[in-house]
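Please view the sequence and the model, then read the points grouped by topic.

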Amino acid sequence: MQRSTYVVIMAGGIGSRFWPVSRTDYPKQFLDILGTGETLIQQTFRRFERIAPIENIYVVTSTDYAGIVDKQLPLIPKENILTEPERKNTGPCIAYASFKILQRDWNASIIVAPADHLILDQPDFEEVCTQALQFVDIHDALLTIGITPSYANTGYGYIQFDKAVFQPGIHKVITFTEKPDAQRATKFVSSGEYLWNSGIFVWKARSIIHSIEKHLGNLYQLFKEKESWLGTSFERLMIADIYAVCENVSIDVGVMEKAKNVYIIPASFRWSDLGTWNSAWENMGKDVRNNAVAGNGVVVIDTAQCVVHASDEKLVVLQGLQNYIVVDTTDVLLICQKEKEQDIKNYVSEVKKLKGERYLYSVNNKLKPTLTGIERVY
């Protein structure tokens with residue numbers, strides 16, 4: 001564990017495709033979606049506390065979620081919870097954290113990761129992170145981790161890489177492609193030249209800031225002009241000013257697709273971005289008819305390939321369904337074909353238009369269990 005290794009956990013999304021469990025005021029990263037006993041952000045923290053010192057782990061989240069992060073991750077110093085006044089995608093988020101960390105440590109290496117992904121095979125993940133950190137320590141490189149695709153998933157981005165080995169286990173990146181259609185995804189997977197885009201990045205703080213200066217000059221200038229405000233009582237005012245005028249841009253589009261020093265490590269550990277109910281189904285335990293059920297009161301009859309999420313206190317009986325998503329909460333019942341899961345965001349918009357914002361927010365916004373008192377294993 002290196003003292004100059006830092007982690008930035010991005011936790012500002014609203015997880016609308018996991019509605020109605022994920023709500024605007026309490027999104028999926030703060031929920032125990034898979035029934036493991038830990039929320040997704042807690043699992044992410046656990047994953048990285050073996051890689052970086054706890055005082056080097058930062059969370060970037062919405063101002064609205066700062067209290068939830070503090071409750072769920074009490075071991076993280078409060079000053080390491082960086083809050084955004086509005087959502088401007090991953091570009092400003094990463095710029096903020098990187099300037100903050102560089103001010104503290106000129107030699108900082110940073111791993112950037114989303115808060116809501118599932119990663120199994122912890123030893124393999126740690127090995128890949130170690131390899132990545134060693135690489136960026138001696139190369140001015142922007143490195144990402146790609147996942148060897150197991151099938152033609154149309155919900156993931158893809159990264160094409162040069163099959164020629166730059167150094168053992170590391171390749172140059174050729175192109176980034178956002179979620180392709182089924183035909184292109186099949187072609188990508190069969191070519192052997194594409195990896196799933198995990199959204200996990202590794203770089204030196206100074207390397208990413210230099211790249212932001214080169215490719216997102218306006219964003220760089222906004223932070224550079226008020227860099228001295230970081231760590232002072234004016235920091236929140238600084239961030240409010242920047243976010244009011246900065247571009248809404250992802251780091252992929254703003255930097256990674258333009259930079260020439262982008263590399264990738266092909267990884268094979270089990271990974272899911274847990275972006276949809278179907279991805280939850282893929283990673284949950286299943287009965288003999290491939291139903292993934294969360295809720296002690298659920299009874300399934302002549303039902304197959306379904307994902308069901310319901311309260312333990314409520315009896316839910318399902319008969320004759322196949323390939324459906326069924327989610328029952330206190331105030332909402334969602335029944336949706338699994339193949340239509342990408343449209344749930346549209347359904348939420350329709351609910352907002354017809355019923356107002358009432359069903360976008362949770363009925364009982366109770367803070368979930370924290371990691372306090374749980375034994376940590378090293």
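A residue is called buried when its relative accessible area is under 20%, exposed when that area is over 50%, and partly exposed in between, with a 1.4 Å probe and protein chains only. The model is predicted, so local features need pLDDT of at least 70 and side-chain atom pairs count only at pLDDT 80 or more, while totals for chains, interfaces and linings use all residues. Residues are numbered from 1 along each chain as its sequence is written, and side-chain values use heavy atoms, with hydrogens and water left out. Helices (H or I, at least four residues) and strands (E, at least two) are DSSP runs, numbered from the N terminus.

**Annotated domains**

- UniProt lists residues 7-285 as "domain: Nucleotidyl transferase" in an unreviewed entry; UniProt positions follow the numbering used here, feature names are shortened, and annotations may be inferred rather than shown by experiment.
- The span 7-285 is 37% helix and 21% strand, and its end C-alpha atoms lie 30 Å apart.
- The unreviewed UniProt entry also places "domain: MannoseP isomerase/GMP-like beta-helix" at residues 298-350.
- Residues 298-350 are 13% helix and 40% strand, with end C-alpha atoms 28 Å apart.

**Helix α3**

- Twelve of the 15 residues of α3 are buried, so the helix is largely enclosed by the rest of the structure.
- Among these buried residues are Y96 and F99.

**Aromatic pairs**

- Rings of Phe, Tyr and Trp (its six-membered ring) pair if their centres lie within 6.5 Å; planes under 30 degrees apart count as stacked, over 60 as edge-to-face and the rest as tilted. By this rule there are 19 aromatic pairs.
- F99 and F223 are stacked, at 5.4 Å centre to centre with 15 degrees between the planes. Because F99 lies in helix α3 and F223 in helix α7, this pair ties together parts that are 124 residues apart in sequence.
- F99 is buried at 1% relative accessibility, and F223 is buried at 0%.
- Y156 and W196 form an edge-to-face pair, 4.8 Å centre to centre and 75 degrees between the planes. The two belong to distant parts of the chain, 40 residues apart: Y156 is in the loop between β6 and β7, and W196 is in strand β9.
- One aromatic cluster is formed by Y96, F99, Y220 and F223.

**Salt bridges**

- Side chains of opposite charge can pair when their charged atoms come close.
- The structure holds 13 salt bridges, each a side-chain nitrogen of Lys or Arg within 4 Å of a carboxyl oxygen of Asp or Glu.
- R3 and E55 form one of them, with the closest N and O atoms 2.4 Å apart. The pair joins distant parts of the chain, 52 residues apart: R3 lies in the segment before β1, and E55 in the loop between α1 and β2.
- R3 is exposed at 55% relative accessibility, whereas E55 is partly exposed at 31%.
- K226 and D241 also form a salt bridge, the closest N and O atoms being 2.9 Å apart. K226 lies in the loop between α7 and α8 and D241 in helix α8, so the pair ties together parts 15 residues apart in sequence.

**Charges over rings**

- A charge sits over a ring if NZ of Lys or CZ of Arg is within 6 Å of the ring centre and within 35 degrees of the ring normal.
- K172 lies over the face of Y263, at 4.9 Å from the ring centre.
- The charged end of K286 sits over the ring of W281, 4.9 Å from its centre.
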